[in-house]
Amino acid sequence: MTSRSVLGLPEYGRCAVFGILNITPDSFSDGGANFAAEDAIGRGLAAAAAGVDVLDVGGESTRPGAARVSVEEELRRVLPVVEALAAAGAVVSVDTMRAEVARRCAAAGARIVNDVSGGLADPEMFRTVADLALPYILMHWRGHSVDMNARAVYRDVVEDVRLELAERLDAAVAAGMAPERIVLDPGLGFAKNAGHDWALLRGQERLARELGRPLLIGHSRKRFLGALLADAGGTPRPAAERDAATVAVAAVAAARGAWAVRVHAGAEAADAVRAVAAMSPPDPAGRPRPGSDGDGEVAR
Ligand code: PMM
């Protein structure tokens, strides 16, 4: 059964929006614009004020080919931002593959752990998150960014990703995590080519139904959108000019029941998911109707 509730988080009554706050000098899509902590905090607060539900703070770039940063550097980047945003009352997620970073950020006020490696990069991750009893985003992953494109080989991408996510979900539960706290993510762009990404988006409802857990979709500004919007000479559309397509995909993913989307253009996606909720039929499972969860009036 498709579920939209995650233990430890509010019932949003619609698709939630994760706003991306990458504190990296080399992130592929925002060019390190958030590198200074103060700037990231300001952007995070503005995103929350614009209706973004969760601020996803990350200190390690995962763009294709990226090298890893040290745990010390990752902590130096993310901790002050997590602390300030949590203190200001925002719901903060930490985007990390490291158990140590997850633990330190939880102590600083993070309420969600977002692990693009699905627990594969750090053998301590599942046990740590089980101890912290925090919601956890478990993404489909086949290896570090430095050589992940070579792993983009599938027999049937939707079925293969479903099986690999189901295995990781079982492993997380075996390590003591409550399944009710786990959100799954097909990992668009991670060991996937554009055809794989589109196939996974088309398979979203099947993945959610067969895996039985809510899905987060992380498509924002990714390469498959750049390729779709390439110019006549075949040059991909630059990352910062992919937001209209990003918001369109977010709206369709929301209409198909995504639990959350993770985007750079948070304010635009926040508006889009509210519009989608307002035009969607009432939920037979009894989710609150749009506008009844503090969103303000539906007809603005
Ligand atoms: N993509 C990126 C980083 N973190 N987290 C989740 N759960 N899902 C994703 O698809 C995802 C992620 C890479 O994109 P970015 O550099 O724009 O943050």
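The model is predicted: local features need pLDDT of at least 70 and side-chain atom pairs pLDDT 80 or more, while totals for chains, interfaces and linings use all residues. Residues are numbered from 1 along each chain as its sequence is written, and side-chain values use heavy atoms, leaving out hydrogens and water.

E100 and R103 are joined by a salt bridge, with N and O 3.1 Å apart (a side-chain nitrogen of Lys or Arg within 4 Å of a carboxyl oxygen of Asp or Glu). Both residues belong to helix 3, which covers residues 99-107 (helices are DSSP runs of H or I with at least four residues, strands are runs of E with at least two, and both are numbered from the N terminus). Three residues separate E100 from R103 in position, about one turn of the helix.

## Other salt bridges

The whole structure contains 19 salt bridges. Side chains of opposite charge can pair when their charged atoms come close. In one of the salt bridges, E60 pairs with R68, and their closest N and O atoms are 2.9 Å apart. E60 is buried, with a relative accessible area of 10%, whereas R68 is partly exposed at 36%.

R155 and D160 form another salt bridge, with 3.4 Å between the closest N and O atoms. R155 counts as exposed at 67% relative accessibility, while D160 counts as buried at 11%.

## Around the ligand

The ligand has 18 residues around it, and D95, N114, D185, K222 and R262 come nearest (near means a heavy atom within 4 Å). By class, this shell consists of seven nonpolar, seven polar and four charged residues (Ala, Val, Leu, Ile, Met, Phe, Trp, Tyr, Cys and Pro are nonpolar; Asp, Glu, Lys and Arg are charged; the others, Gly among them, are polar).

A polar side-chain atom of D95 lies 2.9 Å from a nitrogen atom of the ligand. N22 places a polar side-chain atom 3.1 Å from a ligand oxygen atom. In G218, a polar backbone atom is 3.1 Å from an oxygen atom of the ligand. Taken alone, the ligand exposes 410 Å², of which the protein buries 97% (areas by the Shrake-Rupley method with a 1.4 Å probe). Strand 1 (16-22) and strand 5 (136-139) are the elements that give two or more residues to the shell.

Methods. A polar contact is a pair of N or O atoms within 3.5 Å; within protein, one must be able to donate a hydrogen and the other to accept it, and residues adjacent in sequence count only if both atoms are side-chain atoms. Buried means under 20% relative accessible area, exposed over 50%, partly exposed in between (1.4 Å probe, protein chains only).
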